[in-house]
Amino acid sequence: MTAAKQMQIIRLFCLILPIIILGYITLSTQHKQTSGKLWHVEITGYDPRDLLHGRYIRYQLNWSKYGKTPQAKEALCLISGATDTTTPIISTDQQNCTSIIKPGKNPENWNYRGRRYQIPEKYADALDDAFADSKNKFSVDLHVHNGHIYIGDLYMNGSKVKENYSNIQSRYNDQNSSKFEAQEFTAALKNLRPYVVTDTQVCVSYEIDWARHGLIYDLTTTTPDLCLTRQANGHMQAMPVSDDTQSCSARLNAGSWQSTWNYPFETFCRNNRHGQFLLDQYKQDPTAFTAQISTNANETLYVKDLMIHGVKFNDAFNTEIKKQ
Amino acid sequence: MGLKHKLKKWTKAELLDSTQAEAILKYERQGIGTKYFRGLVGLALLIIFGGLAMVIASNWAEIPGSVKLTVHFLLNAAVAYAIWQGKLRDNYWLREGASFIFAALNLTLIVLIGQVFQLNGTVESASLLWLLISSPFLFIFGESRMIAILWLVGFLTTTALNLEDLIAGLDISMAEKNSLFLCLSSLVPSLLLLSAMSPHFKALRPEWQHSYLVTGTSLFIIGGLFASFAWYGDSDNLRREFAEYYLLPTVLFAGWAALLYGLGRFITSSTYKTLCRFAAFACISGLIAVLPFRPEIDTFATVHFVLFAALIGYFAIPLSLHGLVTISILLVTLRLFAFYIELTGPMFAMGIGMIVTGIILLVALRFALKIDKKIKQKLFGGEA
């Protein structure tokens with residue numbers, strides 16, 4: 001064989017190498033995904049609420065529903081249920097397992113908490129809402145091949161999600177279409193802390209005192225969405241959203257990272273004479289401060305202004321200047 | 001100003017004779033039509049592909065995974081065939097363009113396989129697989145700088161993503177992991193620079209060799225400059241990160257500096273000699289930053305940065321890299337300006353402070369440009 005011919009063969013090999021390798025990965029994954037033992041396993045969000053980041057759902061397999069899970073570094077032994085062979089039961093008898101799932105090197109196989117399920121961008125918002133809705137049950141098909149997990153279809157309440165994208169979208173988009181009008185309320189404050197930034201700038205950090213608006217909730221549980229109503233005397237009343245029949249003037253979404261209505265530290269800063277006025281007012285009466293908040297159709301909260309004895313900060317400052 | 005007018009001006013200034021000017025004009029006239037035509041064909045193809053992408057994107061969820069994968073494999077095969085044809089017909093741009101597209105398609109196919117089969121793969125593993133399967137054909141078929149840069153970007157990204165990941169998986173102590181990471185990552189710029197000095201490599205792939213040289217040197221420049229920021233950290237850091245191996249960074253950087261400087265003495269090419277010496281100084285810059293008992297004085301960060309930036313300019317002169325001299329002067333100016341901001345931080349937060357700072361920056365930049373002009377006039381002679 002001539003050197004030129006050898007070079008031709010090397011070139012051809014280099015060119016088809018990516019196709020051969022990726023083709024092998026595709027076919028072997030396809031084989032593993034269809035040949036291994038099929039299980040149907042419920043999933044939950046990795047964090048307490050919806051966990052959609054762009055185009056995937058972040059989830060973990062809810063093994064605790066199927067028995068006592070072993071330590072993270074141990075293998076998971078599954079046996080078939082008596083009635084439904086795809087529903088697993090976790091067994092401690094490692095000798096008679098229908099499937100054994102290896103723990104993985106950095107225990108990241110059966111107990112990996114950050115799994116992602118790719119979903120189409122077009123339906124992402126609707127699936128986001130559906131996943132966050134505790135009434136829905138999500139599950140996945142999974143195949144176990146040589147101790148490894150291969151994820152198959154995603155199910156919502158027993159139906160394949162990929163066959164019901166349109167239904168889920170119309171259902172959750174209809175819900176989303178009932179938006180609330182923008183509203184303004186006056187909120188009580190707590191934990192006011194003034195601090196001097198520079199010689200000329202003064203800031204006050206504070207939290208909204210939801211308890212003074214009737215809201216009592218357990219911080220250690222999932223942050224609820226809020227239903228705000230206006231009482232006859234104009235005061236704001238806050239309560240967790242319970243169901244669709246609840247009559248609210250406005251609603252506040254807890255958000256993916258639970259940092260909208262319950263964001264702990266808001267700040268209000270002013271310079272020069274305004275800053276000095278802010279500090280003086282705090283020294284005189286810290287309880288005089290309230291906040292003018294507004295809600296919008298996206299169910300998020302904004303603090304519009306800080307108020308002193310029910311008067312907007314700038315108006316209070318101007319009144320004080322006139323007095324002097 | 002049109003080419004015809006420019007040529008007339010250059011002929012008048014006796015930079016060109018009339019025969020040369022006519023030849024240039026003739027050549028460019030021939031090329032203009034082809035260039036415009038190619039440009040319009042490219043535009044038409046872009047519109048078609050854009051439309052196709054929009055049709056696919058809006059119906060992406062409804063297309064079964066097997067169809068998506070089959071179409072992608074067929075597309076990859078078609079582009080691979082285009083590379084082959086480009087090589088057979090000796091069509092430079094067909095080969096180079098198709099190689100670039102094939103490399104990009106390999107990456108999108110890896111991502112698509114992950115999506116279709118819901119594999120919880122990482123960016124690290126995807127980039128590593130891409131590099132492994134794409135490197136052979138990129139090197140065999142790609143001769144242009146475009147391909148060399150694509151490979152280098154892929155290589156550096158993959159190295160950065162995977163090195164830490166691979167070391168993290170080893171069953172060794174944290175100090176050993178940090179030591180191994182430092183040793184391996186310090187190899188990258190030196191290996192790029194040294195391999196670019198190989199005459200065989202230069203003969204085989206001149207554009208790749210040039211890209212290696214530029215990338216290796218750039219990494220030394222970036223490394224040397226960033227080393228100055230170590231002065232802001234505390235020196236106990238070495239004990240925390242490297243434990244009993246706390247002297248390793250010092251030994252490592254001193255070793256690299258000695259090796260590169262020594263190598264520079266044996267090399268005959270003046271360019272490579274200068275680059276080796278510069279790389280040795282960059283290693284000394286790293287060495288100073290990781291000295292175990294250095295004083296903790298933040299101001300030294302500015303001094304270190306300014307000196308190294310000046311060193312860049314100093315080494316750029318024998319290499320006739322005028323632009324690098326300007327960058328060096330600009331870096332010195334901006335670092336001194338940053339030092340001023342560090343000193344007068346609270347003042348910067350005020351309106352008047354910002355105005356004064358802006359004016360100082362303008363004056364400093366004007367001063368820097370003047371110095372740049374003067375230095376170039378003195379060093380290179382004539383117009384800078």
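User: Is A:C203 buried or exposed?
Analyst: A:C203 is buried, because its relative accessible area is 2%. Buried means under 20% relative accessible area, exposed over 50%, and partly exposed in between (1.4 Å probe, protein chains only). This is a predicted model, where local features need pLDDT of at least 70, side-chain atom pairs count only at pLDDT 80 or more, and totals for chains, interfaces and linings use all residues. Residues are numbered from 1 along each chain as its sequence is written, chains are lettered from A and ligands numbered from 1 in the order in which they are written, and side-chain values use heavy atoms, with hydrogens and water left out.

User: Which residue does a disulfide join to A:C203?
Analyst: That is A:C269, with an S to S distance of 1.9 Å. A disulfide here is a pair of cysteine sulfur atoms within 2.5 Å. The A:C203 and A:C269 link is right-handed, with 110° about the S-S bond.

User: Where in chain A do A:C203 and A:C269 lie?
Analyst: A:C203 lies in strand β11 (residues 201–208) and A:C269 in strand β15 (residues 266–271), so the pair ties together parts that are 66 residues apart in sequence. Strands (E, at least two residues) and helices (H or I, at least four) are DSSP runs, numbered from the N terminus.

User: And what does A:C269 count as?
Analyst: A:C269 counts as partly exposed, because its relative accessibility is 26%.

User: How many disulfides are there over all chains?
Analyst: The count comes to 3. One of them is formed by A:C77 and A:C97, whose sulfur atoms are 2.0 Å apart. A:C77 sits in strand β3 (residues 76–80), while A:C97 is in the loop between β4 (88–91) and β5 (99–101), 20 residues apart. Another is formed by A:C227 and A:C248, also with sulfur atoms 2.0 Å apart. The torsion about that S-S bond is about -115°, so the A:C227 and A:C248 disulfide is left-handed.

User: What is the pairing if you number the bonded cysteines of chain A in sequence order?
Analyst: It reads 1-2, 3-6, 4-5.

User: New topic! In what order do the 3 strands of the open sheet in chain A come?
Analyst: The order is β13-β12-β14, with antiparallel pairing. Two strands pair if DSSP finds at least two bridges between them. β13 and β14 stand at the edges with a single partner strand each, so one side of each is left without a neighbour in the sheet.

User: Over how many bridges do β12(A) and β13(A) pair?
Analyst: They pair over 5 bridges, in the antiparallel sense. Along that pairing, A:L226 stands opposite A:P240 in β13(A).

User: Okay, how many residues has the largest nonpolar core?
Analyst: It has 69 residues, and those with the most contacts inside it are A:L15, B:F137, B:L138, B:W208, B:Y212 and B:F220. A nonpolar core is a set of buried Ala, Val, Leu, Ile, Met, Phe, Trp, Tyr and Cys residues joined through side-chain atoms within 4.5 Å.

User: Which helix gives the most to this core?
Analyst: Helix α12 (residues 270–289) of chain B does, with 9 residues.

User: What is B:W208 in contact with?
Analyst: Leaving aside neighbours within four places in sequence, B:W208 has contacts including B:L138, B:F139, B:W151 and B:F201. Contact means heavy atoms within 4.5 Å.

User: Which residues does the second, separate core include?
Analyst: That core of 33 residues includes A:W63, A:A130, A:F138 and A:I151.
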